[in-house]
Amino acid sequence: MTKVAVEFTLNTREQNEFVETGSTLLSALRDRLGLYGTKAGCHQGTCGACTVIIDGEPHLSCLTLAERCRGKDVTTLEGLAPAGALHPLQQAFMDGFAAQCGFCTPGMILAAKCLLDRNPDPTRDEVVDAISGNICRCTGYEPIIAAILTAAQGLRKPARKRA
Amino acid sequence: MEYRKDYFAETQTQDLTEVGVTRQRSDALGHVTGKTQYYADRQFAGLLHLKMVRSPHHHARIKSIDVAKALKVPGVVRILTAKDVPQNIYTILCLIQVEPNDEPVLAFDKVRFKGEQIVAVLAESEAAARDAAAKVKIVYEVLPAVFDVEEALKPGAPLVNEYHGRNYFTYEGHHCRRVRHGDVERAFAKADHVVEEMYQSSPIEHAPTETTGCIVVPDQNDRYTCYSNTQALYFTLDNTALILNSPFHKLRLVGGTVGGGFGGKVDVITEPIAFLAAMLTKRPVKYEYSREEEMQVSSPRAAERIYIKDGLMKDGRITARKVTLYVDAGAYSRHSPYGTTKAAAHMPGPYTIPNVWVDCHCVYTNRTPSSAMRGFGVTIGDFALEVQMDKLARLIGMDPMEFRILNAYRDGDMKAHQKQVEGAALVECVQAAADLARWPIDDRSKTASSLKREV
Ligand code: FES
Ligand code: FES
């Protein structure tokens, strides 16, 4: 097995890793770095549980080769907010009961983050489209869609929300 | 949410202060921060991966198993067959006196469904385990298979499960679970209408986002800890102890965090073999279903076929209900004998019917064993019953809500199961539903009460 060196940014920190050629980013995150916030539901690109953000776009880490992340900026759920703080999406998922078993939640939140970064005022249909690659078997999706719309609203007027 | 305290206020003894109040889930913070620890969110040095060799046939005799080539694959540590399992034949519900044991942990003489587990390969990596599993050579003699519950009960059908000796589960000497109340045939003869319909469902897979799995780790002093996503920790502990002939204190189960279950993680399948593998290799072992295995071999909700024959009077009273219900257990019992009993207990629905005849059959076929899933034994029956209720109402031109209120249980009525009704509330539920839906119902239905039957 050949190993290659990969330098990338992980949750705002420089990361240097030796990874096996052909191994996935998912396995690097979970098995090498112990970042278990990224989940594996299928290992075949169908469930979205392994979604991470690479250079601002949602990617399935089970289908992303670790060696292809050289020079990229990778964000996982652990990097979404500073320790002890919650991103408005996390708060809205909690308040809106958008997480039941919680297994789809990391992927859902990161897919939603990509949407809100690029479109702060999405329609319901745009939210549905943004999470259409993420399967949830517990909630029936409605609380998730509502939580994302609530978070979007909060992010647009943070001052008033805090008041 | 509104909590109406005016219903049955005289008999209400508790003050349910929590109902209707929003409380945060205790695990929500862990979920949204990715800190919730699922069973697989752990690392162990020297972890072995377990992959199963599964039956490609629905029904076949196993002529021979050859693991020589598989053992030569680099990274393979050990290969397990039925011979390695101390008590290979079990049934999950033996803990509640369901008999007989009818399922092998690892198949040896026969396979009874496609995907049944036969040989467990343990290797240093998943890839090596998969490669080696593909190199295990099993010779089969393919047998005729049966996939339909009624076909399986016909004389001459292939015998699926020798431990039962016939293709159905036996309930205290009877070929099915039965309910007898009054005389349905006499009531049919006197009824204004007799309506017979058939309903059926397909198996339903739970498809949890986290697949079924566990990791077993040897502790010091010959003790073993299993991290599992089972929904049934104690069932798993007890069954594993029986299968491995092991004292309970050597086995420890850690769990309770389940990435979606819905009843699909109630069977005891991955843990006993993973425990055994850890005991024999003295190394941590992970046995995790792939998504394909989750879809193909984990138990689904049973397929059911239900015949309902009703005697109906023009004034809306149902005077007789005859139900013949088949639960497709697949190749093994798992939770289906219990589910079938639940189905019988649930008939004829929440309605007072003076003549009832119910036969519920738990049938073995060469399909994937079915088991628990949300309200199993009841949900499909309810679908059939309520569609039937709509058909009956339509036939006599009666409003479907009024029709249900007329026939609903009232406190003090005699159920088909020879128990008096207590705590009935269907009348009030239908009234509330009609109200919310702004569905007009007549005065008699509006003033009806579960507490007494109006004359
Ligand atoms: S694990 Fe990557 S999409 Fe399912
Ligand atoms: S919360 Fe369980 S899969 Fe979405």
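This is a predicted model: local features need pLDDT of at least 70, side-chain atom pairs count only at pLDDT 80 or more; totals for chains, interfaces and linings use all residues.
1. How do the residues of the lining of the second largest cavity divide into nonpolar, polar and charged? They divide into 3 nonpolar, 7 polar and 4 charged, where Ala, Val, Leu, Ile, Met, Phe, Trp, Tyr, Cys and Pro count as nonpolar, Asp, Glu, Lys and Arg as charged, and the others, Gly among them, as polar. That cavity has a volume of about 110 Å³, and its lining of 14 residues has B:Thr212, B:Gly264, B:Asp267, B:Ile269 and B:Tyr289 nearest the centre.

2. Residues are numbered from 1 along each chain as its sequence is written, chains are lettered from A and ligands numbered from 1 in the order in which they are written, and side-chain values use heavy atoms, with hydrogens and water left out.

3. On the cavities in general, a cavity is a set of points, on a 1 Å grid over the protein atoms alone, where a 1.4 Å probe fits but cannot get out, and lining residues have an atom within 4 Å of a point. Grid points are joined across faces, edges and corners, and a volume is the space filled by probe spheres set on the points. By this rule there are 7 cavities of 30 Å³ or more.

4. The largest cavity holds about 130 Å³ of space. Its lining consists of 16 residues, and those nearest its centre are B:Glu103, B:Val105, B:Gln117, B:Ile269 and B:Arg334. By class, this lining comprises 10 nonpolar, 2 polar and 4 charged residues.

5. Turning to chain A, its secondary structure consists of 6 helices and 5 strands, where helices (H or I, at least four residues) and strands (E, at least two) are DSSP runs numbered from the N terminus. Along the sequence these elements follow the pattern β-β-α-β-β-β-α-α-α-α-α. The radius of gyration of chain A is 16 Å, close to the 15 Å that the globule rule gives for 163 residues, so chain A is as compact as a globular protein of that length; the radius is taken over C-alpha atoms, and the rule is 2.2 Å times the number of residues to the power 0.38. The C-alpha trace spans about 55 × 30 × 25 Å along its principal axes.

6. Of the 163 residues of chain A, 49% count as buried, a term that means under 20% relative accessible area, with exposed set at over 50% and partly exposed in between (1.4 Å probe, protein chains only). Among contacts in chain A with a separation of 6 or more, 56% involve residues 24 or more positions apart, a contact meaning heavy atoms within 4.5 Å. The accessible surface of chain A comes to about 7900 Å², and 50% of this belongs to carbon and sulfur atoms; such areas come from the Shrake-Rupley method with a 1.4 Å probe, and for residues only the protein chains shown count as cover.

7. For chain B, the secondary structure comes to 13 helices and 17 strands, and the C-alpha atoms fill a box of roughly 80 × 60 × 35 Å along the principal axes. Of its 455 residues, 54% count as buried, and 79% of the contacts between residues at least 6 apart in sequence join residues at least 24 apart. Chain B exposes about 20400 Å², of which carbon and sulfur atoms supply 53%.

8. A:Glu14 is found in strand E2 (residues 13-20) of chain A and counts as exposed because its relative accessibility is 61%. Leaving aside residues up to four places away in sequence, A:Glu14 touches A:Phe8 and A:Thr9.

9. Some backbone details deserve a look in the model. A cis peptide bond joins B:Glu99 and B:Pro100, with omega about -5 degrees, and B:Pro100 lies in the loop between strand E4 (89-90) and strand E5 (103-104) of chain B. A cis peptide bond also joins B:Met347 and B:Pro348, with omega about 5 degrees, and B:Pro348 lies in the loop between helix H9 (336-346) and strand E17 (355-364) of chain B.

10. A:Asp55, although not a glycine, has a positive phi of about 45 degrees; A:Asp55 sits in the loop between strand E3 (51-54) and strand E4 (57-60) of chain A and, at 46% relative accessibility, counts as partly exposed.

Methods. On a 1 Å grid over the protein atoms alone, a cavity is a set of points where a 1.4 Å probe fits but cannot get out, and a pocket is an open set with protein on both sides within 12 Å along at least five of seven lines; lining residues have an atom within 4 Å of a point.
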